Amino acid sequence: MSDDAFLRVSEVSKWYGDEQVLDGVSFEMDRGDVTVLIGPSGSGKSTMLRCVNRLAEAQEGSITLDGEEVLSPDTDVDELRRDVGMVFQSFNLFAHLTATGNVALGPRRVLGLSEEEARDRAAAQLERVGLADQLDSYPAELSGGQQQRVGIARALAMEPKLMLFDEPTSALDPELIGEVLEVMRALVDEGMTMLVVTHEMSFARAVADEVVFLDDGRVVERGPPEQLFERPEKERTGRFLERIASHD
Amino acid sequence: MSVAGPLALAASNSLGALAGAASAAAPAASDAVVPAIGSIDPWLVGDPVDWWFVLRNVDYLGGGLALTVGLTVASILLGFLVGFPAGAVEVYGDGPAKRLVETVGVVLRGTPIVVILLVMYFVIGVPQVNLGIGSISPAISAGILGLGLRSAAYQSQIFRASLASVDDGQLEAGRAVGLSRFEAIRYVVVPQALRRSIPGFQNEFTIVLKDTSIVFAIGLAELLTRGYDLFTEQTTAVLEVILFISAIYFVLTFTTNRALDYLGTRYAIPEGESA
């Protein structure tokens, strides 16, 4: 990829105490790209994702987003996170707020919209994820799939340049996974730039521009999905894919 | 009613039981301890004379009630204003600030309230506070400060526990949309923590209300102390005065606890069947 990559992760390393969880990870994304990080649990893919919006701090390497260095101590993390939406495995919806309240909080408090503008924006985003009929529902009143869609709407309401998905369907009952993937596919069609950690291989195969296989904190192999899934170059990639496939 | 208060009541009861078993010895013994025992039923609390005495002194008790309510409200308020930030510092702070708050809290919670009040009044010597429309006497300021700071020490633990009970993912999700740490705590964690604080706060409110009576140690006469004054003046009215005062305490605790219950229900986070 070119030098003016939209997101460039280069040689990123991170330790928790003595334990190294990321070891020189590098990859790039262009605007509108969908990159899927796969790998066994503990491989560092979630940590890698969280380094991009600095919910986790990388100790070495460089991450540039739209030309700006993310890891610099001068970076305003709050400003960075305005531009980078995040969807969590366990949804993490604000339990005391309705669906509308969840989505409107960022626009209201971070972007400084008026109460009414924020609610309008929230309603529009909730409609976008198919929840126009649940505006006033509280998280505990929603199914897991609905909660995750509120989580996506909450991130979209900030009009991010990049969306991070941290295993968005891993906490869902199987019958609820489809509705979330459907919303994500629609985002792909709209041209959203997305970095996704997931175990949904069929989703990765269908929408990813590039798949990055991480193991032990290292990039083992990366490439277009058809290549990585059909003709993996590394033996470890093949073994991982076989293991995953046998559980499908 | 017996003449000499609760002690005499207990004595006359046990002596009465003795009298049933050994009728010859009992009257003489009870005469010696309580002269009027033979003619008064200790469980009679309906004597109109004694109730009339209570009613005649309602305004005197009302003055005490005003002090009780004033001390409670001021102390709880001070306790909240100091205790909530203190609890937040214990959860989110670090370094010297956190250690200082923890240490002061341990000292305040470990010191008897009488000692705290005496220190406030006699050692620190809180001055009179002028409010323009009136002034608060040194004893009352010392009472508010002593009760309020001790309540702050307890309230800090209520809020510490409730703040810490909110899942970390909530704060993280707030940060992820670009809220600063303070904003995420303010808009995401605190609203949930305050709801969870209500049961603990109900306890603390009730305790402070009843503990206001300890300001007698620095010469203040609130509801209970004034009741004590009354029944030492008319010693046949001990139970009547105590019952009357207890009823007032009950109404105060019951209504405020119900009000807080209502608050808890009103702002309860709805829970669905699915999750």
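I began at β8(A), where A:F165 stands opposite A:V196. Strands here are DSSP runs of E, at least two residues long, and helices are runs of H or I, at least four residues long, both numbered from the N terminus. This is a predicted model, and local features need pLDDT of at least 70, side-chain atom pairs count only at pLDDT 80 or more, while totals for chains, interfaces and linings use all residues. Residues are numbered from 1 along each chain as its sequence is written, and chains are lettered from A and ligands numbered from 1 in the order in which they are written.

**Entry: around β8(A)**

I checked the pairing of β7(A) with β8 (residues 194-197) of chain A: four bridges join them, and they run parallel. Strands count as paired if DSSP finds at least two bridges between them. I also found A:D166 opposite A:V197 in β8(A). From β7(A) the chain passes through helix α6 (residues 174-189) of chain A to reach β8(A), and this β-α-β crossover is right-handed. Right-handed means that, with the strands pointing away from the viewer, the path from the first strand over the helix to the second runs clockwise.

Next I looked at the other partner. β3(A) pairs with β8(A) in the parallel sense over four bridges. There A:V36 stands opposite A:V196. Which way do the residues of β8(A) point? A:M194 and A:V196 point one way, A:L195 and A:V197 the other way, and all are buried. A residue is buried if 20 or more other C-beta atoms lie within 10 Å of its own, exposed if 12 or fewer, and partly exposed in between, with C-beta atoms placed from the backbone.

**Entry: β7(A) and β6(A)**

I counted burial along β7 (residues 162-166) of chain A. Five of its five residues are buried, so the strand is largely enclosed by the rest of the structure. Both faces are covered: A:L162, A:L164 and A:D166 lie on one side, A:M163 and A:F165 on the other. β6(A) joins β7(A) by four bridges, running parallel. The partner of A:V87 in β7(A) is A:F165.

I then listed what A:L164 touches. Leaving aside neighbours within four places in sequence, its contacts include A:L49, A:V52, A:V84, A:M86 and A:L195. Contact means C-beta atoms, placed from the backbone, within 7 Å.

**Entry: A:T35**

A:T35 lies in β3 (residues 34-38) of chain A. Why does A:T35 count as buried? Because it has 22 other C-beta atoms within 10 Å. Not counting residues up to four places away in sequence, A:T35 touches A:F27, A:M29, A:L195, A:A208, A:D209, A:E210 and A:V212. I also took one distance: the C-alpha atoms of A:T35 and A:D23, twelve residues apart along the chain, are separated by 19 Å.

**Entry: the antiparallel sheet**

I traced an open sheet of four strands in chain A, with the order β2-β1-β4-β5 and antiparallel pairing. Its edge strands are β2 (19-29) and β5 (68-69), each pairing on one side only. Two bridges join β4 (residues 60-65) of chain A to β5(A). In β5(A), A:E69 is the bridge partner of A:T64. Helix α1 (residues 45-52) of chain A lies across β1 (7-16), β2 and β4, at about 60 degrees to β2(A). For that angle, axes are lines fitted to C-alpha atoms, for helices over the stretch in contact, and angles run from 0 to 180 degrees between N-to-C directions.

**Entry: cores**

The largest nonpolar core has 108 residues, and A:A153 and A:L164 have the most contacts inside it. Helix α9 (residues 181-211) of chain B gives the most to this core, with nine residues. A second, separate core of eleven residues includes B:V54, B:L61, B:L223 and B:A237. A nonpolar core is a set of buried Ala, Val, Leu, Ile, Met, Phe, Trp, Tyr and Cys residues joined through C-beta atoms within 7 Å.

**Entry: chain B**

I finished on chain B, which has eleven helices and two strands. Of its 275 residues, 33% count as buried. In helix α8 (residues 168-176) of chain B, the buried residues are B:Q170, B:A173, B:G174, B:R175 and B:A176. They pack against α2 (77-83) and β6 (84-87) of chain A together with α9 of chain B. After α8(B) comes B:G178, whose phi is positive, near 105 degrees.

Key:
Two residues are in contact if their C-beta atoms, placed from the backbone, lie within 7 Å.
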